[in-house]
Amino acid sequence: MILRLVLLASFWLTLAGTALAQPATLSGTVTRSSDGAPAAGVTVVVRSAINFALAGSVPVGAAGEWSLQVPAGSYRVQASGAGFVDELYDNVPCDFGSCNF
């Protein structure tokens, strides 16, 4: 049985110093849609929505949580893993201020 991933993510912009372009911390939780349990063994890949350049990838922890620092911009956030259907969010804005989708 293939399980579908539900990617629930909240985004925070980490501000430090006075420069305008500061790194953003993307973080969230990946759960199984069938029972809401954490989807350990999944990888979250973040790419630029403009040129699809890899911004980073991170394995999901045992509690389904993940976190990744990226420059401010727009992103494609994808969660995938063996036995799961990939979940993709396109054009996720993460600019100066706050990052929510």
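1. Arg76 is partly exposed, with a relative accessible area of 21%; the class partly exposed lies between buried (under 20% relative accessible area) and exposed (over 50%), found with a 1.4 Å probe and protein chains only. Asp90, at a relative accessible area of 42%, is partly exposed as well. Arg76 and Asp90 form a salt bridge, and their closest N and O atoms are 3.5 Å apart. This pair links distant parts of the chain, since Asp90 is in strand E8 and Arg76 in strand E6, 14 residues apart. A salt bridge here is a side-chain nitrogen of Lys or Arg within 4 Å of a carboxyl oxygen of Asp or Glu.

2. This is a predicted model, in which local features need pLDDT of at least 70 and side-chain atom pairs count only at pLDDT 80 or more, while totals for chains, interfaces and linings use all residues. Residues are numbered from 1 along each chain as its sequence is written, and side-chain values use heavy atoms, with hydrogens and water left out.

3. How many salt bridges does a search of the whole structure find? It finds two. Besides the pair of Asp90 and Arg76, there is a salt bridge between the side chains of Arg32 and Asp35, at 2.6 Å from N to O. Arg32 has 25% relative accessibility and counts as partly exposed. Asp35 counts as partly exposed too, at 48%.

4. Four strands make an open sheet in the order E4-E3-E6-E8, with antiparallel pairing. Strand E4 (54–59) and strand E8 (87–94) are the edge strands, each pairing on one side only. From one strand to the next the twist averages 20 degrees; axes are lines fitted to C-alpha atoms, and angles run from 0 to 180 degrees between N-to-C directions. Two strands pair if DSSP finds at least two bridges between them.

5. Strand E3 (residues 43–48) pairs with E4 in the antiparallel sense over five bridges. Across this pairing, Val45 stands opposite Ser57 and Arg47 opposite Leu54. E3 and E4 form a hairpin with five residues between them, and Phe52 in the turn has a positive phi of about 65 degrees.

6. E3 also pairs with strand E6 (residues 73–80), in the antiparallel sense and over six bridges. Here Val44 stands opposite Ala79 in E6.

7. For the chain as a whole, 38% of the 101 residues are buried. Of the contacts (heavy atoms within 4.5 Å) between residues at least 6 apart in sequence, 53% join residues at least 24 apart. The chain exposes about 5500 Å², and carbon and sulfur atoms supply 57% of that area. Accessible areas come from the Shrake-Rupley method with a 1.4 Å probe, and for residues only the protein chains shown count as cover.

Conventions
Helices (H or I, at least four residues) and strands (E, at least two) are DSSP runs, numbered from the N terminus.
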